[in-house]
Amino acid sequence: MDIKNEKVGDFVVVRIDGRIDTTNYTEFEKIIAEVIDGGEKNLVLDCKNLNYISSSGLRVFLITQKRLMGAGGKLHLCTMQPSIKEIFDISGFSTIFKIYDSEAEALSN
Amino acid sequence: MEIKHKHLSVENKIEELPALTAMLEQLADEWDLNPGLAMNLNLVIEEAITNVVFYAYDDKLPHLIDIDFELDGNELVIVISDDGTPFDPTKKTDPDISLSVDDRQVGGLGIFLIRKIMDKVSYRRENKKNILTLVKTL
């Protein structure tokens, strides 16, 4: 897993590359927490290169959504691969996250 | 058609997962499984193994978890066995996935994903082992 952050307008875009599983989800959780602790309330998680996620990773997505909603912020996901979208659908996560087809849409909503 | 078999085993520690992923990638290649299916199988096996690693043992000793694959025509059977404390994942209540963000519980998704992805999940306790059988029709 490789993560890169970029500030774009009101959002911080977090680009996830690789796998989020039981071996590295705490690292992912820490990076997201640092962004939010730094005062950012609006996040876009770019999932274009996220090619595997297990329940450990899904847990971090849910915790982040709870936290940002509580803070009046936004969490937008974008450019998700079909196989990952399927896991979100199965988990009921597609209805609790805003998932956009493009990064531009995620940033303009 | 020839019935294919493969046996893998991993130690009960999370650090084994990357090696397990590599073994599963190799198996998917050998058996010509499509990438979407291979990813889902990796997920199902990670969830099952993670549960065993975290909850099955309290003795801090190394244990081997066995994973046996059988592909007979279009039926794939995966049998995961461990010598940990008795645990029947088929008895676990599913999370309510219709709840709003606020009410949604964090966790409890692992076994749910196994049950949703596979077509049949069954458990038995035999010779002091937990034996979880997962079936997927390809």
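The model to be viewed is a predicted one.

**Chain A as a whole**

Select chain A, which contains four helices and five strands. Followed from the N terminus, its elements come in the order β-β-α-β-α-β-α-β-α. Chain A has a radius of gyration of 12 Å, close to the 13 Å given by the globule rule for 109 residues, so the chain is as compact as a globular protein of that length. Along the principal axes, the C-alpha atoms of chain A fill a box of roughly 30 × 25 × 25 Å.

**The sheet of chain A**

Select next the five strands of chain A, which form an open sheet in the order β1-β2-β3-β4-β5 with mixed pairing. Strands β1 (2-8) and β5 (98-100) of chain A stand at the edges; each has a single partner strand, so one side of each is left without a neighbour in the sheet. On average, and with direction ignored, neighbouring strands of this sheet are turned by 25° against each other.

Seven bridges join β1(A) to β2(A), and the two strands run antiparallel. Here A:Val8 is found opposite A:Phe11 in β2(A). The hairpin of β1(A) and β2(A) has two residues between the strands, and A:Gly9 takes a positive phi near 60° there.

A:Cys78 can be seen opposite A:Tyr100 in β5(A).

Turn to chain B and select its five strands, which form an open sheet in the order β1-β2-β3-β5-β4 with antiparallel pairing. The edges are held by β1 (4-11) and β4 (120-126) of chain B, each with a single partner strand, so one side of each lacks a neighbour in the sheet. The twist from one strand to the next averages 15°.

B:Lys120 lies opposite B:Val135 in β5(B).

**Two helices of chain B**

Select helix α1 of chain B, residues 17-30. Helix α1(B) lies across β1 and β2 (64-72) of chain B, and runs at about 175° to β1(B). The axes of α1(B) and α2(B) come within 10 Å and cross at roughly 145°, in a right-handed crossing. Display the side chains of α1(B) that meet α2(B), including B:Leu20 and B:Leu24; among their counterparts in α2(B) are B:Ile45 and B:Ile49. By class, this contact has seven nonpolar, three polar and one charged residues.

**Where the chains meet**

Finally, select helix α3 (residues 82-91) of chain A together with helix α2 (residues 35-55) of chain B. These helices pack at an angle of about 45°, with their axes 10 Å apart. Helices α3(A) and α2(B) are therefore oblique to each other, and their crossing is right-handed. A:Ser83, A:Ile84, A:Glu86 and A:Ile87 in α3(A) come into contact with B:Met39, B:Asn40 and B:Leu43 in α2(B). The residues of this contact comprise four nonpolar, two polar and one charged.

Notes. Residues numbered from 1 in each chain as written. Chains lettered and ligands numbered in written order. Predicted model: local features only at pLDDT ≥ 70, side-chain atom pairs only at ≥ 80, totals over all residues. Heavy atoms only, no water. Axes fitted to C-alpha atoms, helices over the stretch in contact; angles between N-to-C directions. Parallel < 35°, antiparallel > 145°, perpendicular 65-115°, else oblique. Left-handed = near helix turned anticlockwise from the far one by under 90°. Contact = heavy atoms within 4.5 Å. Nonpolar A, V, L, I, M, F, W, Y, C, P; charged D, E, K, R; others polar. Pairing = 2+ DSSP bridges. Rg over C-alpha atoms; globule rule 2.2 N^0.38 Å.
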